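This report describes sheets, helices and some backbone details of one structure. The sequence and the model come first.

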Amino acid sequence: MVMPQELPTARCPVAFDHNSPEHTARGPLEVYRELRNSTPVAWSESNGGYWVVTSYAEVSEVLRDAVTYTSGAATDDAGNYSGGIFVPAERGLVPMIPTEVDNPQWEDFRRLLAPRFSPTAVWDYRPMIAELTTHYVDQVIEAGECDLAVDIAAAIPASSVLQLLGIDVAEWATYSEPFHNALGYPPGSPEYAEAVTGLQGIVERIRELIARRRRDPGADLISHVASAEIGGAPIDDEAAMSVVYTLFSGGVDTTTTLLANAFAYLSRHPEAREFLVSDLSRLPVATEEFMRMFTPVQALARTVRKPAVLGGQVLSPGERVLLSYASANRDEATFPRADECVMDRMPNKHVSWGLGLHRCLGSHLARTQVELILSEVLTRMPDFSIDEQRSRQYPNLGIVNGWVTMPATFTPGRRLSTRGAA
Amino acid sequence: MTLRVSIDPGLCRGHQMCVLGSPDVFASGDNDDGLGEVLGAVQPQSRFEELRRVASGCPESAISIAFV
């Protein structure tokens with residue numbers, strides 16, 4: 001095998017930093033298109049040096065090979081965080097389980113959680129999600145205006161996750177805002193600093209909740225995690241905290257982002273909206289296309305564990321590799337008319353849920369949320385129109401393709417639920 | 001000749017794109033990860049093009065179609 005030191009000039013660095021203001025200002029899709037067409041596996045000196053992978057073939061190759069490319073994270077004695085799914089590693093503020101563990105431990109955690117997120121389990125959550133959806137639409141339906149990004153796209157997924165965890169849904173904003181802002185604002189900004197403090201507060205609250213549910217368990221997910229056995233022994237406090245934190249993290253920003261982007265697209269494309277309104281059974285297939293087009297989680301990382309060759313480049317153990325799902329999803333070699341939103345696209349093997357071992361645990365839950373929320377919105381406020389001037393995306397689109405605010409108007413309607421305000 | 005459709009359980013990760021593509025042939029199995037299940041393993045040759053497309057659309061390349 002050719003070793004990297006024998007190829008000192010092979011690594012011609014590209015100017016790329018997904019966390020930089022330029023990346024968001026130029027438009028991530030443009031930046032990725034350029035890389036994909038010139039250097040699909042490229043080395044950047046930013047963030048301490050990392051590979052960025054932009055072609056479908058290579059992104060999927062890495063995702064499917066959890067032996068060569070690890071998601072594992074570690075904290076050294078000085079408290080420095082390394083590895084994990086973010087570049088730089090420090091952006092991962094709290095270790096995430098099972099996202100950032102590999103086998104053999106991964107198997108135990110996945111076995112613990114998968115039964116609660118299986119299609120069968122999620123089927124039982126439908127009435128709860130439907131009720132929350134009706135409730136939150138009721139809050140805005142008479143006014144004829146709302147913030148679609150906040151009042152609908154953020155409120156409903158966050159509330160249903162809180163419900164599953166056994167936390168009062170009225171607290172949804174307290175829990176979800178720090179996650180949105182930690183990903184949506186660049187490190188160094190006051191919003192980011194505030195979000196980090198908020199996340200530390202959430203970590204503390206999760207620790208308290210775990211202790212409380214250990215004493216007084218219920219049917220909720222936190223109790224389920226707190227009473228788990230991992231490797232034949234009771235789960236330790238930090239691992240339980242990390243699992244619950246990961247469930248929050250996965251549940252509050254991703255579905256929200258997909259929904260907000262779908263609202264923006266449907267507001268701008270009346271024919272696409274009509275296509276769905278006239279037959280709501282088209283939603284599941286269309287949702288997958290929204291997932292491909294808008295790629296809620298734009299890019300996540302792995303760490304090279306064994307010497308590897310990827311797309312003609314030689315990768316060395318310890319090097320970080322950023323996988324651009326957003327770019328893979330627009331690769332013309334895999335998706336014909338890749339930049340077009342083809343509402344009935346099928347097949348559609350996008351990578352927005354990830355692939356392989358660490359594929360999204362909550363995908364069945366997310367699909368159900370999106371289906372129920374979009375169908376309620378398209379039924380009760382089908383003429384919604386977003387205010388393009390006042391709508392704003394995240395200031396930093398490097399990790400999550402999210403929206404801060406999306407004011408919208410629609411023809412007012414009647415409340416459906418008799419339930420009081422949450 | 002007929003077609004024999006199969007899912008490699010070692011590769012399937014429960015994306016369920018096959019269930020969306022040909023719901024009378026594939027279903028979400030009764031398992032925790034939502035892994036796919038083949039409802040009708042034997043299919044007429046006339047469905048080759050459709051099933052080939054579904055198989056090629058599996059993100060994990062877990063679906064095989066054989067002529068038998």
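Chain A holds an open sheet of five strands in the order E1-E2-E12-E9-E3, with mixed pairing. Helices (H or I, at least four residues) and strands (E, at least two) are DSSP runs, numbered from the N terminus; two strands pair if DSSP finds at least two bridges between them. This is a predicted model, in which local features need pLDDT of at least 70 and side-chain atom pairs count only at pLDDT 80 or more, while totals for chains, interfaces and linings use all residues. Residues are numbered from 1 along each chain as its sequence is written, and chains are lettered from A and ligands numbered from 1 in the order in which they are written.

At the edges of the chain A sheet are strand E1 (41-44) and strand E3 (69-70), each pairing on one side only. Four bridges link E1(A) to strand E2 (residues 50-53) of chain A in the antiparallel sense. In E2(A), A:Val53 is the bridge partner of A:Val41. Helix H3 (residues 56-63) of chain A packs on this sheet and touches E1, E2, E3, strand E9 (299-304) and strand E12 (320-324) of chain A. Contact here requires C-beta atoms, placed from the backbone, to lie within 7 Å. The direction of H3 makes about 125° with that of E12(A); axes are lines fitted to C-alpha atoms, for helices over the stretch in contact, and angles run from 0 to 180 degrees between N-to-C directions.

Chain B has an open sheet of three strands, E4-E1-E5, with antiparallel pairing. Its edge strands are E4 (42-44) and E5 (63-67) of chain B, and the twist averages 30° from one strand to the next. Strand E1 (residues 2-7) of chain B pairs with E5(B) over five bridges, and B:Val5 has B:Ile65 as its bridge partner in E5(B). Helix H2 (residues 48-56) of chain B packs on the sheet, and its direction makes about 150° with that of E5(B).

| Peptide bond | Omega |
|---|---|
| A:Val87 to A:Pro88 | near -5° |
| A:Asn103 to A:Pro104 | about 10° |

A:Pro88 lies in the loop between strand E5 (81-83) and helix H4 (105-117) of chain A, and A:Pro104 is in the loop between E5 and H4 of chain A.

A:Arg337, a residue other than glycine, has a positive phi near 50°. A:Arg337 is exposed (12 or fewer other C-beta atoms within 10 Å, placed from the backbone), with 9 such atoms. B:Gln16 has a positive phi near 70°, but is buried (20 or more), with 25 other C-beta atoms within 10 Å.

Notes: Two residues are in contact if their C-beta atoms, placed from the backbone, lie within 7 Å.
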